[in-house]
Amino acid sequence: MSFKPSPVVSGSVVPPLTRPQLAEARRVRAAELFGQRRSGAEIARMLGVSDESVRRWKRVWEEGGTDALRRRPATGRPPKLDDAQVERVRTALEQGAQAHGFEADLWTLERVGLVVERVTGTALSRASVWRLLTGRLGWSLQRPERRAAERDESEIARWIAHEWPRIKRGR
């Protein structure tokens, strides 16, 4: 199992919107459409949500305006890493695993946890490393293809073209 960063767009990495950010954007767009006096069914269809969600958002919007539809700060314990530390971790991870002394250039939760500790001095659990990678950094899980290192594509193509038809005919 390894992790891969977001795609590069015109020279800089643009992190994808997180799920909560997408949900907020959808609600704010619904507020704009409420202001245009669009029907609930039309808004639901445009945003790809249920009619019930639109009705709920409209009640909230009528009582508190667009700001009432925005995300509220998370309650509970603050994250162990601040935004500056997360950016330092992102920079370190983008250098690749081999730059940090690992044999293969694959990131695993354990390896990322070690780099986070080296860069920030903060030890994270496997679950926290997962949330850091997928939530705050926007990386996704990548499973390496299982292929033999000795695989010979030209020999495979030859076998499929010549041997397989012969075997299939029963000769």
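Reader: What makes Asp82 a cap of the N-terminal end of α4?

Author: In this predicted model, a side-chain oxygen of Asp82 lies 3.1 Å from the backbone nitrogen of Ala84. A polar contact is a pair of N or O atoms within 3.5 Å, where within protein one must be able to donate a hydrogen and the other to accept it, and residues adjacent in sequence count only if both atoms are side-chain atoms.

Reader: How do you know that the span of α4 is close to the one expected?

Author: The expected span is 1.5 Å times one less than the number of residues. Helix α4 (residues 83-94) has twelve residues and reaches 16 Å from its first C-alpha to its last, against an expected 16 Å. Helices are DSSP runs of H or I with at least four residues, numbered from the N terminus.

Reader: Why are the buried residues of α4 said to line one face?

Author: Gln85, Val86, Val89, Arg90, Ala92 and Leu93 are buried in α4, buried meaning under 20% relative accessible area, exposed over 50%, and partly exposed in between (1.4 Å probe, protein chains only). Seen down the axis, they fall within an arc of 165°, so they line one face of the helix; the arc is that of the directions from the helix axis to the C-beta atoms.

Reader: Why is Arg37 called exposed?

Author: Arg37 has a relative accessible area of 77% and is therefore exposed by the over 50% criterion. Its place is in the loop between α1 (19-35) and α2 (40-47).

Reader: Why is Ile160 called partly exposed?

Author: Ile160, found in helix α7 (residues 153-169), has a relative accessible area of 47%, so it belongs to the class in between.

Reader: On what basis are residues numbered and values taken, and which pLDDT limits apply?

Author: Residues are numbered from 1 along each chain as its sequence is written, and side-chain values use heavy atoms, with hydrogens and water left out. Local features need pLDDT of at least 70 and side-chain atom pairs count only at pLDDT 80 or more, while totals for chains, interfaces and linings use all residues.

Definitions and conventions. Helices (H or I, at least four residues) and strands (E, at least two) are DSSP runs, numbered from the N terminus.
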